[in-house]
Amino acid sequence: MVRTVFVNGEYLPEAEAKISIFDRGFLFADGVYEVSAVVNGVLVDYSAHTDRLERSLRELRMDWPCSRTELEAMHFELIRRNALQEGIVYMQVTRGAADRSFNFPRPAPKPSLIAFTQSMSLVHNPNAATGVKVITTPDLRWARRDIKTVMLLAPVLGKQEAYEKGAHEAWMIEDGFITEGASSNAYIVKDGKVITRGLSNEILAGCTRRALFRLAAEHGVEIVERKFTPEEARAADEAFLTSASQFVMPVVEIDAQRIGGGQPGPVVRKLRELFLAEAGA
């Protein structure tokens, strides 16, 4: 089946999709994005993603490309046209196309909006049964990590380093503390308590993280928001990461050192089950 994508108001076969070479997302990474999970043909936690999109656009002084209602309808239409049962919808908004200049173009061009679907196994991801390996790497990103921009070169380098070392993810370190993963939020578990860094400009406010906090509170799992070191992480009873495409994913090794018994622990298994139940899996 030929995949249908969305580009600036049109649904097109992916081979026919084009954007301007003057698009500021292409020239400056002047854009933001969101990734929403789909389970059984239904969007998971979609409103949280549009709330975060609104904040990202506001922080970059960027206009909405369409209304919220139109954006949601586009997501549903892409899911329908691609018969997507399980996977993700990726959407991206840029400031639009204009002659190359660092300052915002005036008059402001119409923002560009693109989106596509990607089929993948989310519920029965085999990594969830075994857990994944993580390495640590310096955090080379800019200071506004709370904005979900398309400027992802530093995370790409971290992910590539992890791949080359036989790991799944890179947990980034700044001032001696772990900030987050290259494409995920990072957590450890000690004595039954979940520990994760508090929200600030230093990390992204993950939508899965937000849902996890609520589920943990409802089911008696304590979460402590504070910084933690790589040494603490390697000495933890359990560890895990969260993201829209991985949900709650156990981490069983950090920098080639086993965590706990080297298999997913009871706290992370419980949290993953709770999230899957809410997602309708």
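Guide: Two strands are taken to pair if DSSP finds at least two bridges between them. Strands (E, at least two residues) and helices (H or I, at least four) are DSSP runs, numbered from the N terminus. The model is a predicted one, in which local features need pLDDT of at least 70, side-chain atom pairs count only at pLDDT 80 or more, and totals for chains, interfaces and linings use all residues. Residues are numbered from 1 along each chain as its sequence is written, and side-chain values use heavy atoms, with hydrogens and water left out.

The open sheet has six strands in the order β2-β1-β6-β5-β3-β4, and their pairing is antiparallel. Because β2 and β4 (42-43) stand at the edges with a single partner strand each, one side of each has no neighbour in the sheet.

Phenylalanine 6 is placed opposite tyrosine 11 of β2. The two strands form a hairpin with two residues between them, and asparagine 8 in the turn has a positive phi of about 50 degrees.

Further along the sheet, β3 and β5 run antiparallel and are joined by nine bridges. Within this pair, valine 32 has valine 93 in β5 as its bridge partner.

Axes are lines fitted to C-alpha atoms, for helices over the stretch in contact, and angles run from 0 to 180 degrees between N-to-C directions. Helix α3 (residues 68-81) lies across β1, β2, β3, β4, β5 and β6, at about 35 degrees to β6. Helix α2 lies across β3, β4 and β5, and runs at about 180 degrees to β3.

A pocket is an open set of points on a 1 Å grid over the protein atoms alone, with protein on both sides within 12 Å along at least five of seven lines; a cavity is a set where a 1.4 Å probe fits but cannot get out, and lining residues have an atom within 4 Å of a point. The largest pocket is lined by 42 residues, of which Tyr33, Lys148, Ala182, Ser183 and Ser184 lie nearest its centre. Among the elements giving two or more residues to this lining are β3 (31-39), α2 (46-59), β5 (86-94) and β6 (112-119). The largest share, five residues, comes from α5. As for the largest cavity, its lining includes Ala37, Val44 and His49.

Key. Contact means heavy atoms within 4.5 Å.
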